[in-house]
Amino acid sequence: MKKVLAMLLIATLVLTMFAGCEKKEEEKTEDMTVGFIYVGPIGDGGWTYAHNEGRLYLEEQLGVKTLYKESVPETQEVETEIRNLIDQGAKVIFATSFGYMDFVEKVSKDFPEVTFFHCSGYKTTDNMANYFGRIYEARYLSGIVAGLKTESNKIGYVAAFPIPEVIRGIDAFTLGAQSVNPDVEVEVVWTYTWYDPASEKEAAVALLDGGADVIAQHQDTAGPQQAAEEKGAFSIGYNTDMKDMAPKAYMTAPIWNWGPYYVEQVQKVMNGEFESHAYWGGMNENTVQLAALTDLAPEGAQAAIDAAKASILDGSFHVFQGPLYNQAGELVVAEGETLTDGEMLELNWFVQGVVGNIE
Amino acid sequence: MTSFLISVVIAGTPLLFATLGEIITEKSGHLNLGVEGMMLVGAVAGFGFGIITGNPIVAILGAMVAGALTALIYGFLTITLRANQVVSGLALTIFGTGFSSYIGTNFIGKKMPDNIIEFYKPIEIPLLSKIPFIGQIFFNQDIFVYLGYLTVIALGIYLYKTNIGMNLRAIGENPSAADGAGIRVSWYKYVHILIGGALCGLGGAYLSVVEVPAWQDNITAGRGWIAIALVIFSKWNPYKAIFAAYFFGGLSIAGFRLQHLSIPQSLLDALPYLFTIVVLVISSMKKSQENAPPKGLSVPYFREER
């Protein structure tokens, strides 16, 4: 009897492990099948959620069948999962995290008839493209909102890791805030995690205690939003609209909109027109956006954003155009010059007005 | 400084509950490495009961029951079936992580009702909060924090001043002697493993109900493992546990306020573990009985081999 019970218990324990990562299929009539690999749960309300919205948009627009797999770690396991998706008929694979890069590259060589797309990396093969978005453009706009809102002229920025992607966002945000409020300072705290709601919140509390009255974030949870809500401050979210998480603090957020790119590329693959590429889409391509402003956004913010957005869209303005000064006050980008894409991808210095260290 | 110390107490509270839970579990001679899993189940249950019933008390009771039920699995495996405690505990963590994630998909993006958030707002205790400096730090906090103080005192009295507590410690040290003295060993073990699970569940619920307050997958982010280290750090003593938990809580957030001093974050992250090793070395040099782990820890008890 005990043995039977023990076996049952063990079986339950093991089976529940898989419960969370259950695979779901949605029946569609088309012969095209597209597979997605996600690094987190769809319910993260952030990065993976945004990619999943893109998948749903793709289904709706093209009527193709999609498969997905959540919470796939950035290890050998991604190879197995990609092979599984291909076994189930996937002709196109979207792998949506940086750490998948080398594994996707390897599998892409084994399956020349399948087309691969890898998000946020830098490697391509004949049948593997990489893609990412110029979120810094939207961050610049969100900086305008924060710059107009702050009264203490101190904005707190909770940031995950000191890597170019995050530094680029902080710089763009700061430049946006300074464009409407030259006295503003952006104070950065590193959490060294993408995902830890409590720690992220504590980091924001530290910034608020230090005198900041607006909080921005480059994190995947809404922890910093909660801190602002509790302390009666205001906040800028990230990844998706975070209005519901902090209705008394949230003003807007730079957000991802992958749908249009997914539709365009899958259409190309279906027509046999796919060419390998490295894509870095911005507001012009509608890959990144600024979420709708809430009532808490300061007066005049909408007009200022619209003006800045128009000048970015028509190319008359670039976020990283000179003159740009670093923290020490030295001129780094001269007037009339603009950072190239390559320079932006390797960006490792803070602009003047950022308080914080890059270690 | 005051605002930092207020945050320290908050950051230390989930660690405190989990540490107390593991202390009482280990005092019964069982090493339960499933703390992280029990915390997560407690966290998801606390949040779920909170948004479904809208009642702050039901939320924490639900978290405690859920934590205890999770511990019951471990208890059955290790007491009745005498399975390996380390493996069972690790399995419990895997189970708790997956189970909470599965249940939690229903709660993502949902907001805690305002009345619950209101209920767990800081409450000033008259007189005590007027004590200069420490008053605002320790006596202007939420109910959970006060519950933490009370649990420490209650557990201290229970373990060191009552007969039942002495019986429990006897079981942890030498279960066959305790059995010979007429103590119902298995019964004691079950009860205390369940209490331990309930306290771990409470620690998890503090994160999802009060501190964050939202459900997000894997909300504990490794705090359960730190709690296991804290048990050793506090030498199985509930009074020392409160200092240990606040100390570690403080170290975990000190980095956010010291970054301008150019102290490498990696060093700050390593400090808690360095301190644990130092404490272990010092206490092993003293060779005092008081500081040693329960002798029967992680040894299955077979009555027939008495």
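**Exercise 1. Count the aromatic pairs over all chains and classify the pair Phe36(A) and Tyr38(A).**

Step 1. Rings of Phe, Tyr and Trp (its six-membered ring) pair if their centres lie within 6.5 Å; planes under 30 degrees apart are stacked, over 60 edge-to-face, and the rest tilted. The count over all chains is 39 aromatic pairs.

Step 2. The centres of Phe36(A) and Tyr38(A) are 6.1 Å apart and their planes stand at 40 degrees, a tilted pair. Both Phe36(A) and Tyr38(A) are buried (under 20% relative accessible area, 1.4 Å probe, protein chains only).

This is a predicted model: local features need pLDDT of at least 70 and side-chain atom pairs pLDDT 80 or more, while totals for chains, interfaces and linings use all residues. Residues are numbered from 1 along each chain as its sequence is written, chains are lettered from A in the order in which they are written, and side-chain values use heavy atoms, without hydrogens and water.

**Exercise 2. Describe the contact between chain B and chain A.**

Step 1. With contact taken as heavy atoms within 4.5 Å, 36 residues come from chain B and 41 residues from chain A.

Step 2. Look for salt bridges (a side-chain nitrogen of Lys or Arg within 4 Å of a carboxyl oxygen of Asp or Glu). There are two between chain B and chain A. Arg257(B) forms a salt bridge with Asp209(A), with the closest N and O atoms 3.2 Å apart.

Step 3. Helix 4 of chain B gives the largest share of the side that touches chain A, five residues.

Technical notes. Buried means under 20% relative accessible area, exposed over 50%, partly exposed in between (1.4 Å probe, protein chains only). Helices (H or I, at least four residues) and strands (E, at least two) are DSSP runs, numbered from the N terminus.
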